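Subject: Structure handover

Hello,

Here is the structure I promised to pass on. Please open it and keep it beside this email while you read.

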Amino acid sequence: TIVNIVKVVGYPDGVSIPAGAIAAGITITVDLYATSSLDSTWRTKATNAGYNFAGSVLTLGPSGTVFSSPVTVTFSVSNATLDAGSALGVFKYDFTTSDWVLQSGSVYDSTPTG
C-alpha cells in the first residue's frame with residue numbers, strides 16, 4: 001500500500017513511498033532543481049563522464065535516509081530535449097565517490113502523457 005505520493009507542483013513527477021519504507025517520524029523532502037541551478041561540481045562531473053541532463057534533478061532528503069524497500073521516482077522527459085541517438089538512464093549522485101552512478105532497475109515508459 002502506498003502511504004505517500006509526493007507530486008512536484010506543475011510537473012507529473014513524483015515519489016511514491018511504500019508503507020514501512022522509512023522509520024516513523026522521518027519527514028521526507030522532495031526538491032526539484034533546473035539543471036542550470038545545480039552545483040557546478042555536479043554539472044562538471046556529468047559533462048566529464050559524457051552525460052547530459054535531459055530534465056530537472058530531483059533530490060530526496062533528509063540526507064542519509066535509507067529506505068527499507070524500493071521507492072518509485074517518476075519523472076517526465078520530452079523527446080524535444082533529447083539529442084538524436086541519446087540513451088536514457090537514471091543516475092544518482094554518490095557523495096562518497098563524487099560521481100554520477102547509473103541506477104539499475106530503471107524502467108522507461110514511452111507512453112505519451114498529457
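Start with Tyr93. Tyr93 is buried, because its relative accessibility is 9% and the cut-off for buried is under 20%. Keep in mind that the model is predicted.

Tyr93 forms an aromatic pair with Trp100. The ring centres are 5.1 Å apart. The planes stand at 70 degrees, and the pair is edge-to-face. Trp100 is buried too, at 12% relative accessibility. Both residues belong to one aromatic cluster, together with Trp42 and Phe95.

How many aromatic pairs are there by the pairing rule? The count is 6. One of them joins Tyr51 and Phe91. Here the centres lie 4.3 Å apart. The planes are at 45 degrees, so this pair is tilted.

Where do these two residues sit? Tyr51 is in the loop between helix 1 (40-48) and strand 4 (57-61). Phe91 is in strand 6 (residues 91-94). The pair therefore ties together parts that are 40 residues apart in sequence.

Are Tyr51 and Phe91 buried or partly exposed? Tyr51 is partly exposed, with a relative accessible area of 30%. Phe91 is partly exposed as well, at 28%.

Last, find Ser106. Ser106 lies in the segment after strand 7 (99-102). Its relative accessible area is 38%, so Ser106 is partly exposed. Leu88 is 18 residues away from Ser106 along the chain. Their C-alpha atoms are 9.5 Å apart.

Best wishes

Methods: Residues numbered from 1 in each chain as written. Predicted model: local features only at pLDDT ≥ 70, side-chain atom pairs only at ≥ 80, totals over all residues. Heavy atoms only, no water. Helix = DSSP H or I, 4+ residues; strand = E, 2+ residues; numbered from the N terminus. Buried < 20%, exposed > 50% of the residue type's maximum accessible area, 1.4 Å probe, protein only. Phe/Tyr/Trp six-rings, centres within 6.5 Å; stacked < 30°, edge-to-face > 60°.
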